[in-house]
Amino acid sequence: MASWKQLEVHTEDQTPHKWSVSLSEETFKIFFAHGSPTVHKIFGDGSLFSPLLFGKFFDPSDAFPLWDFESDVLLSNLRSSGKTSIDWFQTDDAYVLKADLPGVGNNTVQVYVENGKIMEISGQWKPQRDQSKAKDWRSGHWWEHGFVRRLELPEDVDWRETEAYMNNDMFLEVRIPKSTSDSGTSGNGTMTKNSD
């Protein structure tokens, strides 16, 4: 049986200037061309963290509205060539993201939900040389030390109930429950009256 481990989903991250340095297409090309096999696994074709995942360059530190698109359509070229093992979909009660995470290493993946609007999946693949003096790796050229994919959450989610699981430190599954329309609360947390 597979070894599933529940990850803590963080809702507060006070890191200043996190993801403030954008990854440009030219910078990525140079970085990737000179990258190690680990870099190629993490940022290569079909990876959740690849800036080219959606068919054209898109900085993974910018939030992407993933659930506005069908995975079969957006990933059709990668799927036809067998280069991706990512899927996202919605059920009647949740939004789901599943992805293989090759090369990210043991116990490095973290999941954050920012203000109920953005979900961030990130981690460090290469430690900074002098961590005692260094600022947080996410505040500079983050791709030299880690990886990220930031996703816009749909409006109808109960983000506080987000669950994330890792299987053998290689496969990620995230489930974000949909908010129930008859729960008696509005989007701002105040009680509403249902009238027929």
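1. Start with the sheet: 5 strands make an open sheet, ordered β1-β8-β9-β4-β3, with antiparallel pairing. Strands here are DSSP E runs of at least two residues, numbered from the N terminus, and two of them pair if DSSP finds at least two bridges between them. At the edges sit β1 (4-7) and β3 (86-90), each pairing on one side only. Direction ignored, neighbouring strands of this sheet are turned by 15° against each other on average; the axes behind that angle are lines fitted to C-alpha atoms.

2. A word on the source: this is a predicted model, where local features need pLDDT of at least 70, side-chain atom pairs count only at pLDDT 80 or more, and totals for chains, interfaces and linings use all residues. Residues are numbered from 1 along each chain as its sequence is written, and side-chain values use heavy atoms, with hydrogens and water left out.

3. Inside that sheet, β4 (residues 94-100) and β9 (residues 171-177) pair in the antiparallel sense over 7 bridges. Lys 98 stands opposite Glu 173 in β9.

4. Now look at Arg 150, in strand β7 (residues 146-152). Arg 150 counts as buried because its relative accessible area is 13%, and buried means under 20% (1.4 Å probe, protein chains only).

5. What does the side chain of Arg 150 make a polar contact with? The partner is the side chain of Glu 114, at 2.9 Å; a polar contact is a pair of N or O atoms within 3.5 Å, one able to donate a hydrogen and the other to accept it, and residues adjacent in sequence count only if both atoms are side-chain atoms. A polar atom of the Arg 150 side chain also lies 3.0 Å from the backbone oxygen of Ser 61.

6. Beyond its neighbours within four places in sequence, Arg 150 is in contact (heavy atoms within 4.5 Å) with residues including Trp 19, Pro 60, Phe 64 and Met 119.

Definitions and conventions: Helix = DSSP H or I, 4+ residues; strand = E, 2+ residues; numbered from the N terminus. Buried < 20%, exposed > 50% of the residue type's maximum accessible area, 1.4 Å probe, protein only. Axes fitted to C-alpha atoms, helices over the stretch in contact; angles between N-to-C directions.
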